[in-house]
Amino acid sequence: RSMSTVTIPPPACMLRPLEAPLRYLFGPGPSNVPPRILAAGAKPIIGHMHSEMFEVMDDIKEGIRYAFQTQNNMTISMSGSGHAAMECAVFNTVEPGESVLVAINGIWGERVAEIAERSGAKVHRLVKAPGGYFSNKEIEQAMQKHKPVLFFLTHGESSAGLCHLVDGIGDICRKHNCLFLVDTVASLGAAPIFMDKQNIDILYTGSQKALNAPPGTAPISFNDRAWYHHKMFNRKTKPLSYLFDMTYLSNYWGCDGKPARIYHHTGPVSGFFALRESLAILAEKGLEESWRKHKEIAAYLYKGLEDMGLKLFIPDRDLRLPSVTTIAIPDGYDWREMLAYIMKHHQMEMTGGLGPSVGMVMRVGLMGYNCEKFNADKALHALQDALKNCKKSKA
Ligand code: PMP
């Protein structure tokens, strides 16, 4: 037989059409994508180094600066999901042997702690049960003890449904010569965050939550303190990842003041088109209106849930994450059965917990485009139906 004979036939699945059902994405993300953003992502591809593409990237930078409330020059989008931003933040600010302090009150701190460990850091974990809250005093005490170069906190803890306050923490970090890194993947556009005013040194988010873009891009910003005073420019070792090295990425995004942008990697052109459009919608709507809307619809959802006898997992309503609501699993019910029922009979995604919150919560997300009263009603109706029809387990 000749080497050129194909021995593996075309797979049968590839001869069938693609199936992507319409679904209510009322979990913690991705969220449904509105037609305008889908249309932007369907535009013809241009080259990743064409001048029109650089203009789109410049627009994205402006859009992120508005969404983050920052004037930082080093503001870009990762070619990758939220995890790419998590790794970019840690890889570029931490060198092997350095101390990192991570607040863990759900899965996201756990993940960042692992990422920091993989980059050779000495990681100190400040751990609470899912949905736990860290006082500024506790944070400062841990900082005094461990002298970290980086402190991580999740603003919108989507696995637990908590929205952590950040006021004052940036000042504590400055006092202790530490960078302040905040995750807003699940909260950006849904709850207020002010990167510059709150002295946050590194901030990132994702495209697929309240921004309503498809998954796969992730805005991130570094301030001058991270960049100049904390040696991102002047490292002893190179960052662990070539793809996520901010020296190259900042050039690709035109942030390094050099006259030419040099090829580093091929950015996801369609993903950037869609991200641009999602940031444009946020700019047109306005941050204040977006925050107000998420709060209003969340309050409406809380009332509906409580009216049907369900208990919210985060007792303090002021600390609830408006984009992702966590419901305590009702006594005697099997949460997996309820979620499967809702998917089957209502074509609706809601999810269980994640990491340490598995078995503790069910999660309902109404984000951006989905954040409407009629969607809250649909979610409430589906839950009511599941409560009625899912047999109570023996408990
Ligand atoms: N951080 C938070 C708070 C999140 O909710 C998520 C996504 N669920 C991530 C990080 C990770 O983002 P991605 O799945 O896009 O990598």
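Predicted model: local features only at pLDDT ≥ 70, side-chain atom pairs only at ≥ 80, totals over all residues.
Q: How many helices and strands does the chain have?
A: Let's start with the part that UniProt marks, in an unreviewed entry, as "domain: Aminotransferase class V", at residues 24-372. That span is 37% helix and 16% strand, and its end C-alpha atoms lie 13 Å apart. Counting over the chain, you get 12 helices and 14 strands.

Q: What radius of gyration does the chain have, and why does that agree with a compact globule?
A: The C-alpha trace spans about 70 × 65 × 50 Å along its principal axes. For 395 residues, a compact globule would have a radius of gyration near 21 Å, so there's agreement with the chain's own value of 22 Å.

Q: What share of the contacts with a separation of 6 or more comes from residues 24 or more positions apart?
A: First, a look at burial: 48% of the 395 residues count as buried. Now for the contacts in the chain with a separation of 6 or more: the share from residues 24 or more positions apart is 73%.

Q: Is Lys 209 buried or exposed?
A: An unreviewed UniProt entry places "modified residue: N6-(pyridoxal phosphate)lysine" at this lysine, Lys 209. Lys 209 is in the loop between β9 and β10, and its contacts beyond four places in sequence include Gly 29, Val 185 and Met 367. The cut-off for buried is 20 or more other C-beta atoms within 10 Å. Lys 209 has 28 of them, so it counts as buried.

Q: Is Asn 212 buried, partly exposed or exposed?
A: Asn 212 has a phi near 65°, a positive value in a residue other than glycine, whereas most residues other than glycine have a negative phi. Asn 212 sits in the loop between β9 (202-204) and β10 (217-222). Because Asn 212 has 28 C-beta neighbours inside 10 Å, it counts as buried.

Q: And Lys 147: is it buried, partly exposed or exposed?
A: Lys 147 isn't a glycine, yet it has a positive phi of about 45°. You'll find Lys 147 in the loop between α5 (136-146) and β5 (150-154). Lys 147 has 13 C-beta neighbours inside 10 Å, so it counts as partly exposed.

Q: How far apart in space are Asn 234 and Met 343, C-alpha to C-alpha?
A: Asn 234 is in the loop between α7 (224-229) and α8 (246-252). With 8 C-beta neighbours inside 10 Å, Asn 234 counts as exposed, because the cut-off for that class is 12 or fewer. In sequence, Asn 234 and Met 343 are 109 residues apart, and in space their distance is 51 Å.

Q: Which residue in β4 stands opposite Ala 103?
A: Strand β3 (residues 99-104) is mostly covered, with 5 of its 6 residues buried. β3 pairs with β4 (residues 122-127) in the parallel sense, over 6 bridges. In that pairing, the residue opposite Ala 103 is Leu 126.

Q: Which strands stand at the edges of the open sheet of 3 strands?
A: The order in this sheet is β11-β14-β13, with antiparallel pairing. Each edge strand has a single partner strand, so one side is left without a neighbour in the sheet; that describes β11 (324-328) and β13 (351-352).

Q: Which residue in β14 is the bridge partner of Ile 327?
A: β11 is mostly covered, with 4 of its 5 residues buried, and 5 bridges join β11 to β14. For Ile 327, the bridge partner in β14 is Met 362.

Note on methods. Residues numbered from 1 in each chain as written. UniProt positions renumbered as here; feature names shortened; annotations may be inferred. Helix = DSSP H or I, 4+ residues; strand = E, 2+ residues; numbered from the N terminus. Rg over C-alpha atoms; globule rule 2.2 N^0.38 Å. Contact = placed C-beta atoms within 7 Å. Pairing = 2+ DSSP bridges.
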